[in-house]
Amino acid sequence: MASPRISLLLLVLTLYICIGQSRTISTDNIDVRITNKIASSTIDVACSEEGDIIVNPNSSHDWIVWNSSSKYYCEAIWTATNRFASIVTYSRRFTGLKIVFWEAREDGWYVSRDGKSGWKKEAEWESEIVN
């Protein structure tokens, strides 16, 4: 059986290593934030890394991108209209950012680097035509 001092030393060393690794991992994390600006309806978003997300009107959903060298794809459905859109919520073009801001609006999907200005339309809502 190890002495109490050795056990304590091993515990402190283990915590030091774990805390150091979590800090290393977290420096490359990117937060992706989707906000639903469609006042009349929820949107259903299915993302490759996040799964299915329901975003209510005027609310947001965030998640962490752990591997910033990958692309993260999402398919969104505007539930009241059955219109859909495909977006790449994260790719290398966002390198250096801590948060990527997305907004679902009635005329499409917009992205911003700061969430305040410079909104750029990235995708249109589409509808499937059935014959």
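N58 lies in the loop between β3 and β4; strands here are DSSP runs (E, at least two residues), as helices are (H or I, at least four), both numbered from the N terminus. This residue is not a glycine, yet its phi is positive, at about 55°. N58 counts as exposed, because its relative accessibility is 56% and the class requires over 50%, with buried set at under 20% and partly exposed in between (1.4 Å probe, protein chains only). N82 is found in the loop between β5 and β6. Its phi, near 60°, is likewise a positive value in a residue other than glycine. N82 is exposed, with a relative accessible area of 60%.

The model is predicted: local features need pLDDT of at least 70, side-chain atom pairs count only at pLDDT 80 or more, and totals for chains, interfaces and linings use all residues. Residues are numbered from 1 along each chain as its sequence is written, and side-chain values use heavy atoms, leaving out hydrogens and water.

The protein contains one helix and nine strands. Along the sequence, the pattern reads α-β-β-β-β-β-β-β-β-β. Five strands form an open sheet with mixed pairing, in the order β4-β1-β7-β8-β9. Two strands count as paired if DSSP finds at least two bridges between them. β4 (60-65) and β9 (120-123) stand at the edges. Each has a single partner strand, so one side of each is left without a neighbour in the sheet. From one strand to the next, the twist averages 25°; axes are lines fitted to C-alpha atoms, and angles run from 0 to 180 degrees between N-to-C directions. Strand β1 (residues 30-36) pairs with β4 in the antiparallel sense, over six bridges. R33 stands opposite D62 in β4.

The largest nonpolar core has 27 residues. Such a core is a set of buried Ala, Val, Leu, Ile, Met, Phe, Trp, Tyr and Cys residues joined through side-chain atoms within 4.5 Å. I43, V45, W102, W109 and W125 have the most contacts inside it. Two or more residues come from each of β1, β2 (43-47), β3 (51-55), β4, β5 (72-78), β6 (83-90), β7 (99-105) and β8 (108-112). β5 gives the most to this core, with four residues.

Of the 131 residues in the protein, 30% are buried. Among contacts (heavy atoms within 4.5 Å) between residues at least 6 apart in sequence, 46% join residues at least 24 apart. The protein exposes about 8,600 Å² by the Shrake-Rupley method with a 1.4 Å probe. Carbon and sulfur atoms supply 55% of this area.
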